[in-house]
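Points are grouped by topic.

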Amino acid sequence: MGRKCKCVKESATYSLFCVRWGVNEMNGHQKQKEASAKMIEDAFFQMIEEDDYAKITVSEIAERAGVARRTFYRLYDGKEAVLRAWIEKIFQEYRRECGKLQNYDIGQIAGEYFSFWYGYRERLMLLHRNGLDVWMLYHMAGPMSQQIIGQRIAEKVQEQMNVEYFMLFSAGGFANLLYSWIADGMDGTPEEYAQKVSRSILCFIKPAVGL
């Protein structure tokens, strides 16, 4: 009886989510899976705002999200996986928004990069307060960032030179700059920070022609 009540409660929560976010219930299982993931993600960030990440349990996240523990574990293997999935989702959004670069304009790249992440300032600061920014930095400097940078470099440039080292350099550099900005409270506008960063970099590095 308890299990049945839990399922009914979860279904009702999903229906309320559909009304709020305009999800068509007729789209079936995939939409419900996405809705459950969104509710878990929101619950995760709500809870790390109220308590330390280390003290939060999967059971508490599931209860706050209005889903069963088994639903949580169908989607994630633990609370760290919720954060990892969020970062991957944000990177995919950044990839869709940023197009090819015919020339490597450090000012343009910095402006786009920091403006994008500024839109997630509240959540980034939550991660910082919970000591998760170093973990986040590791993922930001990893393969996802390198792939995005590689995607933005024009094909003609990639045909002329090996861009692997440049991708590694750029991914790590921008991730560390974002980390530093978060640690400083992300004060000022992203445009101001991008200008400061680009001016400093250009004092030491002469941009390669054609990148």
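Glu 41 is buried, at 8% relative accessibility (buried is under 20% relative accessible area, exposed over 50%, partly exposed in between, with a 1.4 Å probe and protein chains only). Its salt-bridge partner is Lys 89, with the closest N and O atoms 2.7 Å apart (a salt bridge is a side-chain nitrogen of Lys or Arg within 4 Å of a carboxyl oxygen of Asp or Glu). Lys 89 lies in helix H5 and Glu 41 in helix H2, so this pair ties together parts 48 residues apart in sequence. The model is predicted: local features need pLDDT of at least 70, side-chain atom pairs count only at pLDDT 80 or more, and totals for chains, interfaces and linings use all residues. Residues are numbered from 1 along each chain as its sequence is written, and side-chain values use heavy atoms, with hydrogens and water left out.

**Salt bridges**

- The structure holds nine salt bridges.
- Lys 38, Glu 41, Asp 42, Lys 89 and Arg 123 are linked in a network of them.
- Lys 38 pairs with Asp 42, the closest N and O atoms being 2.8 Å apart.
- Lys 38 and Asp 42 are four residues apart in helix H2, and therefore separated by about one helical turn. Helices are DSSP runs (H or I, at least four residues), numbered from the N terminus.
- Lys 38 is partly exposed, with a relative accessible area of 22%, whereas Asp 42 counts as buried at 16%.
- Another salt bridge joins Asp 77 and Arg 84 at 3.9 Å, N to O. Here Asp 77 is exposed at 62% relative accessible area, and Arg 84 is partly exposed at 25%.

**Nonpolar core**

- The largest nonpolar core has 49 residues, of which Leu 83, Trp 86 and Phe 114 touch the most other members. Such a core is a set of buried Ala, Val, Leu, Ile, Met, Phe, Trp, Tyr and Cys residues joined through side-chain atoms within 4.5 Å.
- Elements giving two or more residues to this core include helix H2 (29–50), helix H5 (79–97), helix H6 (106–118), helix H11 (164–183) and H12.
- Not counting residues up to four places away in sequence, Trp 86 touches Glu 41, Phe 45, Tyr 120, Arg 123, Leu 124 and Leu 127 (contact means heavy atoms within 4.5 Å).

**Asp 133**

- Asp 133 is found in helix H8 and is buried, at 5% relative accessibility.
- Beyond its neighbours within four places in sequence, Asp 133 is in contact with Leu 127, His 128 and Tyr 179.

- Met 186 is in the loop between H11 and H12 and is buried, with a relative accessible area of 1%.
- Met 186 is not a glycine, yet has a positive phi of about 55°.
- Most residues other than glycine have a negative phi.
- The buried residues of H12 are Pro 190, Tyr 193, Ala 194, Val 197 and Ser 198. They cover an arc of only 125° around the axis, so they are on the same side of H12 (the arc is that of the directions from the helix axis to the C-beta atoms).
- Lys 196, Arg 199 and Cys 203 are exposed on the other side of H12.
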